[in-house]
Amino acid sequence: MRYMDTSNLQSDYRCFTTLRKRISGLFKDEANERTIFEFVELCTKSYAFDEEHKVSIRAKGVMRHVIKNHLTLDDHKRCLFASDTDDDIEDGQFDIELGVHASKLLVRDSARQVVERIHLDASSLAPPPQTPSSEQRAYEMYTPYRENVSIRSFKHQLYTVKTMKLSLNRTDDKRHILPDHVHTLTHGHYKIVLIFLKCK
């Protein structure tokens with residue numbers, strides 16, 4: 001218990017105490033005693049979980065309005081279990097060959113056109129809605145990019161900046177992800193070599 005901050009539990013709970021409230025370095029129940037039914041973590045500080053049918057999403061570096069209005073638990077699951085033929089491996093090669101800065105410039109310049117083309121192609125192939133008042137999407141709109149709106153200051157001048165930000169990314173640089181996209185191994189683990197040789 002000396003490693004736990006239990007100040008957010010119910011006052012009649014037997015482990016409740018305010019002696020360790022807001023002490024850095026201690027563990028805390030992020031769900032506030034609610035049951036977590038489903039948990040999806042893409043990488044460090046980017047995860048979503050369903051606590052008693054209430055979805056909570058954490059995404060460092062993404063604006064709060066984007067998290068609240070444009071990210072869902074289903075988006076996290078679709079990003080995690082996407083096909084292996086996606087371009088996330090090639091993006092890593094671009095980072096090595098062109099450098100991180102050049103890669104970010106390419107993403108910034110082309111992301112909006114890519115997203116618009118995806119939605120245009122999908123909407124042209126979609127069947128017409130059954131009723132005009134139908135609120136269901138004709139196609140399942142998914143892309144890891146989201147429009148990020150922020151207020152920035154450049155040379156003491158305030159600007160409203162709209163950018164297309166990569167909000168969902170399953171490339172975890174802390175652990176080696178196995179082919180099932182669920183289990184991981186530490187970098188340098190001997191099983192990584194065995195898995196690589198088996199795939200060859």
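**Charged pairs and their surroundings**

Modeller: Arg34 counts as partly exposed because its relative accessibility is 29% (buried is under 20% relative accessible area, exposed over 50%, partly exposed in between, with a 1.4 Å probe and protein chains only). This is a predicted model, in which local features need pLDDT of at least 70, side-chain atom pairs count only at pLDDT 80 or more, and totals for chains, interfaces and linings use all residues. Residues are numbered from 1 along each chain as its sequence is written, and side-chain values use heavy atoms, leaving out hydrogens and water.

Arg34 forms a salt bridge with Glu51, and their closest N and O atoms are 3.0 Å apart (a side-chain nitrogen of Lys or Arg within 4 Å of a carboxyl oxygen of Asp or Glu). This pair links distant parts of the chain: Glu51 is in strand E4, Arg34 is in the loop between E2 and E3, and 17 residues separate them (strands, E, of at least two residues and helices, H or I, of at least four are DSSP runs numbered from the N terminus). Glu51 is classed as buried because its relative accessibility is 3%, whereas Arg34 is partly exposed.

The structure holds five salt bridges. Another of them joins Glu30 to Arg58, with the closest N and O atoms 2.9 Å apart. This pair too links distant parts of the chain, with Glu30 in the loop between E2 and E3 and Arg58 in strand E5, 28 residues apart. Glu30 has a relative accessible area of 38%, so Glu30 is partly exposed. Arg58 is also partly exposed, because its value is 32%.

E4 (residues 46–51) and E5 (residues 55–59) pair in the antiparallel sense over five bridges, where pairing asks for at least two DSSP bridges between two strands. Asp50 has Val55 in E5 as its bridge partner. Three residues lie between the two strands of this hairpin, and Glu52 takes a positive phi near 55 degrees there. Most residues other than glycine have a negative phi.

Asn32 lies in the loop between E2 and strand E3 (36–43). The phi of Asn32 is positive, about 55 degrees, although Asn32 is not a glycine. Asn32 is partly exposed because its relative accessible area is 35%. Arg22 is found in the loop between strand E1 (4–5) and strand E2 (27–28). Arg22 has a positive phi near 55 degrees and is exposed, because its relative accessibility is 73%.

A further salt bridge is within a helix. Lys77 and Asp74 meet at 3.6 Å, N to O. Both lie in helix H2 (residues 73–80), three residues apart, about one turn of the helix. Lys77 counts as partly exposed because its relative accessibility is 26%, and Asp74 is partly exposed because its relative accessible area is 46%. Salt bridges that share partners join Glu38, Asp74 and Lys77 into one network.

Last comes confidence. The chain averages a pLDDT of 76, and 69% of the residues score at least 70 (pLDDT is the predictor's confidence in each residue, from 0 to 100). The value stays under 50 over residues 85–98 and over residues 130–141. Where pLDDT is low, the predicted coordinates should not be read in detail.

Technical notes
Contact = heavy atoms within 4.5 Å.
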